[in-house]
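Reader: I would like a close look at one part of this model. Please take me through a helix pair, then a sheet.

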Amino acid sequence: MKKAKVIYDKEFVIGQVDKRIYGSFLEHMGRAIYTGIYEPDHPQADEMGFRKDVLELVRKLNVPIVRYPGGNFVSGYNWEDGIGPKEKRPRRLELAWRAIETNEVGVNEFVEWAKRANTSVMMTVNLGTRGIDAARNLVEYCNFPGGTYYSDLRRQHGYQQPHNIKVWCLGNEMDGDWQIGHKTAHEYGRIARETAKVMKWVDPSIELVAAGSSGPKMPTFPEWEAIVLDHTYDLVDYVSLHVYYGNPEKDTMNFVAKSLEMEEFIKTVISTIDYVKAKKRSKKVVNISFDEWNVWYHAHLEGKDQKAEPWAQIRAIAEEDYVFEDAILVGCMLIALLKHCDRVKMACMAQLVNVIAPITTVKGGIAYRQVIYYPFMHAANFGHGVALLPKVNSPKYDSKDFTDVPYIETVATYNEEKDEITVFAVNRDLEEEMQVEFKLDGFEGFEVVEHIVYESDDIYKGNTQDKPDNVVPHKGGNSRIEGNVLTSILPKFSWNVIRLKKKEN
Ligand code: AHR
């Protein structure tokens with residue numbers, strides 16, 4: 001059996017985990033909203049048309065914030081279309097995803113859904129076809145208490161109290177030619193700055209996210225970040241990162257190493273932010289909102305996206321049927337985010353329902369969990385407090401794009417309030433289990449509460465409508481602790497959550 005050693009030390013803290021690192025995303029895209037979270041004639045619909053079965057699965061995921069309404073969608077969106085009496089709302093050609101948008105769900109409905117899902121809203125404004133005016137009016141509509149045109153309009157629409165939306169994104173992926181209203185870095189930097197300024201004049205308590213590159217492979221990365229921040233540094237609080245990974249070549253060991261590339265991406269953006277900080281002689285620290293990340297390629301590869309007819313009202317696109325190896329990379333990506341939690345303060349798994357999502361719904365039928373649901377649920381429920389720096393000595397391998405990939409990927413969190421440690425660990429090895437000795441320096445008198453294991457006899461297995469519980473985690477992991485040395489057996493190709501708590505005297 002292969003062996004690895006990991007040292008954690010109570011004193012070696014990466015940073016406080018901001019719970020918003022476990023955020024998610026819902027766009028008006030495909031069946032995310034319509035027949036996803038909202039299906040008024042479904043037997044499980046509540047009085048507002050929201051599916052209660054979906055709400056239940058979202059609540060269990062423990063998602064603290066959800067980005068809305070896009071995505072590419074937002075760059076052609078008029079938020080005013082989605083307020084007021086539903087029968088008066090316009091049907092529009094939605095150009096980003098070539099669908100008919102009925103506007104049955106708009107800002108107020110989404111805020112209401114978020115309350116029911118125990119979450120909060122991260123709102124994106126349209127900097128594609130629109131700009132300063134629409135954005136400042138939306139902040140006024142959502143956050144101003146009353147006595148002005150837009151705040152009173154909200155009250156007329158039945159919402160006396162302001163929504164108090166705290167986090168706002170300044171457009172989406174404006175560096176991409178596919179974006180409605182695509183801009184150069186200078187064009188975007190200028191409009192983002194002026195919009196940010198005025199939005200903060202309406203409500204100084206809000207936090208703003210500048211749109212970073214659509215991914216590390218963009219030719220303008222990281223110059224884009226440097227220029228955009230040069231324009232906006234004093235006004236924004238975060239810069240966004242987006243990345244999706246796939247395995248079209250069916251090279252599993254290369255695929256599950258892609259979290260290393262994600263870490264490089266994060267480190268480069270941190271360096272770029274800090275370069276601008278130095279250039280401006282600023283004391284302010286801008287942080288990261290990794291507000292789109294996931295695995296995305298199955299639907300595209302299977303030609304499912306292309307087959308859909310354009311201009312349908314409800315058009316299924318990007319519905320990924322995830323397989324077990326995807327869950328392993330998702331686990332590694334969650335660990336990557338936690339390993340940089342000193343600067344990654346928010347992150348959104350993209351997306352939440354039906355579209356590249358951990359939850360799938362059947363129209364008129366069941367809602368079920370994709371395999372990627374579980375690592376996310378574990379991290380969002382147990383990964384709180386501070387993250388501890390992992391010192392890892394693990395056997396390594398080389399793959400097509402990576403050298404020296406450690407078979408073991410790990411991070412731990414320590415929840416001081418509850419005196420609980422959670423060790424997250426992935427064994428990337430497809431062939432062999434691994435014995436890992438975790439030395440927990442500074443932690444005396446802890447006991448193992450449970451060792452959750454997520455493994456599968458077939459890495460291409462997933463959960464389906466007919467077999468919704470085909471691949472689920474179990475609690476039969478092998479972990480024991482002696483003094484402050486935790487010894488765990490990590491089964492081949494597995495995601496592990498080892499929870500420890502202080503022994504009662
Ligand atoms: O999440 C799906 C799409 O991916 C979003 O609309 C866009 O921002 C990204 O390219």
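**A helix pair and a sheet**

Author: The axes of helix H3 (residues 132-143) and helix H4 (residues 149-156) come within 7 Å. They cross at roughly 45°. This is a predicted model.

Which residues make the contact? On the H3 side they are Asn-137, Glu-140, Tyr-141, Cys-142 and Asn-143. H4 contributes Tyr-149, Tyr-150, Ser-151, Leu-153 and Arg-154. Sorted by class, the contact of H3 with H4 has 5 nonpolar residues, 3 polar and 2 charged.

Now the sheet. Strands of a sheet pair through backbone hydrogen bonds, and the pairing is either parallel or antiparallel. Here, 5 strands form an open sheet. Their order is S16-S1-S21-S24-S23, and the pairing is mixed. Strand S16 (391-393) and strand S23 (478-482) are the edge strands. Each of these two pairs on one side only. Neighbouring strands of this sheet are turned by 15° against each other on average, direction ignored.

Strand S21 (residues 434-441) and strand S24 (residues 485-490) run antiparallel. How many bridges join S21 to S24? There are 6 bridges between S21 and S24. Take Val-436: its bridge partner in S24 is Ser-488.

Technical notes: Residues are numbered from 1 along each chain as its sequence is written. This is a predicted model: local features need pLDDT of at least 70, side-chain atom pairs count only at pLDDT 80 or more; totals for chains, interfaces and linings use all residues. Side-chain values use heavy atoms; hydrogens and water are left out. Axes are lines fitted to C-alpha atoms, for helices over the stretch in contact, and angles run from 0 to 180 degrees between N-to-C directions. Helices (H or I, at least four residues) and strands (E, at least two) are DSSP runs, numbered from the N terminus. Contact means heavy atoms within 4.5 Å. Ala, Val, Leu, Ile, Met, Phe, Trp, Tyr, Cys and Pro count as nonpolar, Asp, Glu, Lys and Arg as charged, and the others, Gly among them, as polar. Two strands pair if DSSP finds at least two bridges between them.
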